[in-house]
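Subject: The structure for you to look at

Hi,

Here is the structure I promised to pass on. Have a look at it first, and then read on for what I found.

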Amino acid sequence: MPLPPLRSIGSVAVPSRLKASCHCGAVVLELDLPEGIVDARRCNCSMCRRKGAIMGAVPLEGLRVVQGQEALSVYRFNSMTAEHYFCSRCGIYTHHRRRSKPNQFGYNLACLEGIDATLLQDVPVSDGINHMADRRAP
Ligand SMILES: [Zn+2]
């Protein structure tokens, strides 16, 4: 069951526009979250289970890199479709362009300014290990 959009976490309301940053501060994103945090989840694919991040979803136009584009590195694997961005200085995953929904970015909830993603409980896990794009016709 997907989570409904989260308009607050703990006692903190989620603003409709919010910054997100990596650990060293080189990379800063600006996110439009008019409905709050949409589709918060973890994923069990080979990449995400190592990363362990809780991710939200925004349309492509809802995420802008406002600082540190030059510090961002991108990692691709397997089908080489998804683009996993991380800060090349501090190594923190900030966002990724999805392969299942290329019109969306996923982003790292733990990078959101003023939001404590550790307060989230019962976060759904999407079944990335059995991704549709990996299934072969019988
Ligand atoms: Zn950094």
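The protein chain has one helix and 12 strands. Please keep in mind that this is a predicted model.

A few more words on the overall build. Along the principal axes, the C-alpha atoms fill a box of roughly 50 × 35 × 25 Å. Of the 138 residues, 24% count as buried. If you take the contacts with a separation of 6 or more, 61% of them come from residues 24 or more positions apart.

Now to a sheet you can pick out on screen. Three strands make up an open sheet, in the order β3-β4-β7, with antiparallel pairing. At its edges are β3 (17-21) and β7 (63-67), each of which pairs on one side only. From one strand to the next, the twist averages 30 degrees. As a reminder, strands of a sheet pair through backbone hydrogen bonds, either parallel or antiparallel.

Strand β4 covers residues 28-32, and its antiparallel pairing with β3 runs over five bridges. R17 stands opposite D32 of β4. Six residues lie between the two strands of the hairpin, and G25 takes a positive phi near 90 degrees there.

In soluble globular proteins, nonpolar side chains tend to be buried together. The largest nonpolar core here has 23 residues, and those that touch the most other members are A20, L29, L31, L63, Y107 and L109. Two or more residues come from each of β4, β6 (55-59), β9 and β11. Of the elements, β9 gives the most to this core, with three residues.

Which residues is Y107 in contact with, once its neighbours within four places in sequence are left aside? They are A20, L29, L31, M55, G56, V58, L63, T94 and H95. A20, L29, L31 and L63 from that list are also among the core residues that touch the most other members.

Finally, two backbone details in loops. M80 has a phi near 60 degrees, which is a positive value in a residue other than glycine. You will find M80 in the loop between β8 (72-75) and β9 (83-87). Is M80 buried or exposed? M80 is exposed, because it has 8 other C-beta atoms within 10 Å, and the cut-off for exposed is 12 or fewer.

D122 also has a positive phi in a residue other than glycine, near 55 degrees. The loop that holds D122 lies between β11 (104-108) and β12 (125-126). With 6 C-beta neighbours inside 10 Å, D122 counts as exposed too.

I hope this helps you find your way around.

Best wishes

Methods:
Residues numbered from 1 in each chain as written. Predicted model: local features only at pLDDT ≥ 70, side-chain atom pairs only at ≥ 80, totals over all residues. Pairing = 2+ DSSP bridges. Helix = DSSP H or I, 4+ residues; strand = E, 2+ residues; numbered from the N terminus. Axes fitted to C-alpha atoms, helices over the stretch in contact; angles between N-to-C directions. Buried ≥ 20, exposed ≤ 12 C-beta atoms within 10 Å, placed from the backbone. Contact = placed C-beta atoms within 7 Å. Core = buried A, V, L, I, M, F, W, Y, C linked by C-beta atoms within 7 Å.
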